[in-house]
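Colleague: Could you take a close look at a single part of this model? I would like one connected account, with the cut-offs stated.

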Amino acid sequence: MNDTFHWWTVPAIVIPAAVAAPAYAVQYFTVAQAQRALFPSAAAFVSRPVALSAARKDFIQDYSGVRVRAERQPVWRAEADGQLLGWFVLDEVYGKHEFITYAVALDPQGGVRGIEILDYRETHGGEVRDKRWQAQFEGKHYGDRLRLGDTVQNISGATLSCKHITEGVRRVLALYETALKEGAD
Amino acid sequence: MHKTAFGLLAGLLLAGTALSTRADENLFGYLSGAETLPKGAKEAYLWVTHRTDKGVGHYSAYDVTAEYEYGLTPRLTGAVALKGQSIDTHGIVIDGYVPGDEKYGLRASGFEAKLKYKFLSPLIDGFGLASTVALEHNWLDPHSGRDKDTTSLTLGLQMQKNFLDDQLISVANFAVESTYAVREPIADLPPGFDWPTNPEMEIELTGGAGLTYRVAPRWFVGAETFYQTEFETEVGQERWSWHAGPSVHYAARSWWVTLTWLRQLRGGGETYPGQTDTDLHLIEKTKQEVRFKLGYNF
């Protein structure tokens with residue numbers, strides 16, 4: 001009898017077991033739900049996508065340190081009684097394997113009101129949904145120092161997600177400075 | 001029997017970990033990055049390496065490692081591993097190394113304990129630096145398949161630099177392994193065959209580098225290479241070899257796999273009589289290896 005071990009017998013047994021492992025819920029909020037959560041008093045959300053010219057991309061990349069891949073940035077103007085309550089910016093950053101979809105709410109002066117994670121497709125690092133962690137960004141403006149491990153506390157086990165969302169918030173703040181701020185071109 | 005027990009052990013270990021996941025993937029087959037597990041995190045691996053072709057006769061060996069890691073602190077990871085091997089070789093006799101034909105299925109061959117400490121994080125500090133210390137004991141010789149007790153202490157250094165929003169990952173590894181080895185006597189050696197049973201001391205140096213890129217969600221494709229040399233008390237530099245090959249990594253929601261094909265590019269040192277591939281080292285190495293790694297985090 002040939003008793004030589006065949007290496008493929010192990011993955012042949014294990015992979016089907018792995019495939020049968022529990023799946024993860026991936027969507028926490030739709031865009032409309034995230035808008036309501038971040039601007040509960042808003043009466044309307046007016047779509048105001050921002051075209052990202054080469055000059056704007058350069059500005060944002062120089063400030064945030066991360067690439068700008070999209071040609072248009074989805075942005076909504078949150079209003080109540082015709083007054084501007086703030087801006088709702090939808091964005092994506094890299095997770096380890098998939099994109100993390102998140103939204104940043106800015107007040108009319110460009111300060112961070114809050115963050116919501118809409119889609120989180122990674123197998124770990126979901127701790128970035130923790131409101132205490134997200135609270136570190138509240139009130140931050142363009143020009144404020146936002147660095148993981150420095151002014152933004154890291155979450156052990158979610159370092160990649162923490163880093164990329166921190167960079168993403170920097171990118172949104174630069175977007176405000178170059179495109180949403182009153183008087184911006 | 002050994003094969004069945006080992007398979008059951010590995011199956012139970014991995015099936016148990018399928019209940020929950022937290023990926024911390026190995027993007028390479030032979031090299032590693034500078035990250036450690038978070039405190040309290042657990043990880044299980046299964047590696048299978050297939051080594052083939054010594055340029056003469058038939059040589060096919062499988063090395064299997066089942067490893068469990070635990071995050072002791074945010075910077076320190078501890079690991080224990082069980083090792084096994086199988087071998088099928090015939091038509092190869094190399095004086096002092098391979099006394100003759102050998103064939104058996106998977107047998108337990110050793111165990112290892114390892115600590116990894118992260119000095120710098122590639123994500124927070126911009127450059128990752130970690131160090132490992134590993135103590136390993138084996139009772140089977142991976143080359144001949146015969147009984148040989150070896151105890152090794154390995155000190156390693158892992159460096160990592162990420163680029164392009166952490167989608168392009170480069171690593172460099174260095175390691176020094178010191179080994180104390182004693183072979184068991186063999187009764188039916190070929191006439192005049194040298195099979196020393198006195199204790200041996202060996203020092204192995206390894207340096208390597210790898211680069212991998214996320215080509216699509218969940219997929220990394222890269223390449224890795226390393227140089228390895230060994231010095232031994234009697235002969236000085238016993239061997240050296242360059243290896244390189246591609247790595248493919250895929251991560252699903254609850255598991256990840258890495259497949260690496262490694263080719264020996266150049267080698268030197270001792271050769272066996274009649275060796276035709278004189279630009280390779282084929283006594284303790286083979287022409288090629290394929291490594292499959294499967295991992296779970298929980």
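**Strand β1 of chain B**

Modeller: Of the 298 residues in chain B, 38% are buried, meaning that 20 or more other C-beta atoms, placed from the backbone, lie within 10 Å of a residue's own. The model is predicted, so local features need pLDDT of at least 70 and side-chain atom pairs count only at pLDDT 80 or more, while totals for chains, interfaces and linings use all residues. Residues are numbered from 1 along each chain as its sequence is written, with chains lettered from A and ligands numbered from 1 in the order in which they are written.

First, the setting. Chain B holds 1 helix and 12 strands; these are DSSP runs, H or I of at least four residues for helices and E of at least two for strands, numbered from the N terminus. Along the principal axes, the C-alpha atoms of chain B fill a box of roughly 60 × 40 × 30 Å.

Next, its partners. Strands pair if DSSP finds at least two bridges between them. β1(B) runs antiparallel to β2(B), residues 58-71, with 11 bridges joining them. E43(B) has E69(B) as its bridge partner there. The hairpin of these strands leaves 5 residues between them, and D53(B) takes a positive phi near 75° in it. β12(B), residues 288-297, also runs antiparallel to β1(B), through 10 bridges. Here H50(B) stands opposite V290(B).

For contrast, take a loop residue. T197(B) lies between β7 (168-183) and β8 (200-216) of chain B. It counts as exposed, because it has 11 C-beta neighbours inside 10 Å; the exposed limit is 12 or fewer. Leaving out residues up to four places away in sequence, T197(B) touches V182(B), R183(B) and P185(B). A contact means C-beta atoms, placed from the backbone, within 7 Å.

Technical notes:
Contact = placed C-beta atoms within 7 Å.
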